[in-house]
Amino acid sequence: MTDNHSSNVGIVIVSHSPLVARGAADMVHQMVGESVPLAWCGGNGAGGLGTDVAGIHEGIEKAWSTRGVAVLVDLGGAEMNTEMAIELLEASRRPMVTICNAAIVEGAVMAATEASIGSDLPTVVSAAEDAI
Amino acid sequence: MINPGTLLQTLAQVIRDNADELTDLDQAIGDGDHGVNMRRGFDAVAEMADELNALDPGSALQKAGMTLVMKVGGASGPLYGSLLMTGGKSLGSDPGVNDMAAALRSGIDAVCRRGKAEPGDKTMLDVLLPVSKTLEACVANGDDPAVTLAAVRQAGSQGLESTRDMLARKGRASFLGERSIGHLDPGARSAQLIIEAVCQALGAKP
């Protein structure tokens, strides 16, 4: 899963709710198709609302791109668990993953649109953060 | 020395016994998942008790911390996980009271970095910081173990009570603004329960 050499920045969507994460990913997919590596994860791993470090780690691997990965999160626990998941990556890959300070749905759509035209990671993150 | 796995099993039992209260506190000012999340995490740690008992205390805490991170599913996973992982790293294999004070301090520093919270934000730190300061003062005084444990327990209870009148600045409770005042913080309560249980276990040691 790590040899996704897409030339575009990847997007990972992390919500407490699998339905929200999947729904946001559906919207992104409709906008940008297969041009952007995309993964979503939601739920606590035991079937309830929450976020799961292992699942987020898998999502980052799935959406991995040599250009980097932008992660959209919903609430505090999602952000902290994403930070933990990033720390599970080898040190050299960690700086290539950025958590966006953005609304999850609007941010994901804007980030993916920016990523689909080949922008670099900081530009993709800014697009998400300027979404509202 | 108390076996680390057995101590963590005791903590899991305390969390289990009080999970409903943690959930009630969290429903008042948060999202109502603190009891369930803590229980899931600590139950997973309790299942590893034999394995943890075979490790030295520092390594056992680190391993338990990683399990909390992976199993809890909410913010309390990374927060308690960081506390145990970083604390465990500096605890070493045969800790005395000095080492425990230093380990608690380094664990708390990790919680501060992870949660980006400060004292007075109505969080677990409002229990952990006074506990740590009290422990350090007792160590500096050379107080005997019974005095130290009593002082630490009192610091934990007072810290918990201090969160009642605080305005929440972190997590979902912060969305409530002024309405968070008048409620105990659920994370502060779980921290106080853990401190209390650890003191009881250390005090009961032969």
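**Exercise 1.** How far apart in helix H2 of chain B are B:Asp43 and B:Arg39, in residues and in helical turns?

*Solution.* The model is predicted, so local features need pLDDT of at least 70 and side-chain atom pairs count only at pLDDT 80 or more, while totals for chains, interfaces and linings use all residues. Residues are numbered from 1 along each chain as its sequence is written, chains are lettered from A in the order in which they are written, and side-chain values use heavy atoms, without hydrogens and water.

Step 1. B:Asp43 and B:Arg39 are four residues apart in this helix, which means a separation of about one helical turn. Helices here are DSSP runs of H or I with at least four residues, and strands are runs of E with at least two, numbered from the N terminus.

Step 2. The two residues form a salt bridge, with the closest N and O atoms 3.5 Å apart. The term stands for a side-chain nitrogen of Lys or Arg within 4 Å of a carboxyl oxygen of Asp or Glu.

Step 3. B:Arg39 has 36% relative accessibility and is partly exposed (buried is under 20% relative accessible area, exposed over 50%, partly exposed in between; 1.4 Å probe, protein chains only).

**Exercise 2.** Find which parts of chain A are tied together by A:Glu61 and A:Arg93.

*Solution.* Step 1. The closest N and O atoms of this salt bridge are 2.7 Å apart.

Step 2. A:Glu61 belongs to helix H2 (residues 53-62) and A:Arg93 to the loop between helix H3 (76-87) and strand S4 (97-100), so the pair joins parts 32 residues apart in sequence.

Step 3. Both A:Glu61 and A:Arg93 are buried.

**Exercise 3.** Describe the interface of chain B and chain A.

*Solution.* Step 1. Contact (heavy atoms within 4.5 Å) involves 16 residues of chain B and 17 residues of chain A.

Step 2. The chains bury about 1300 Å² between them, 58% of it on carbon and sulfur atoms; this is the accessible area (1.4 Å probe) lost on being put together, summed over both. On the side of chain B, B:Met70, B:Gly73 and B:Arg114 lose the most area, together 39% of what that side buries.

Step 3. Three salt bridges cross the interface. One of them pairs B:Lys116 with A:Glu83 at 2.9 Å, N to O. A network of salt bridges links A:Glu83, A:Glu87, B:Arg114 and B:Lys116.

Technical notes. Buried area is the accessible area (1.4 Å probe) that two parts lose on being put together, summed over both.
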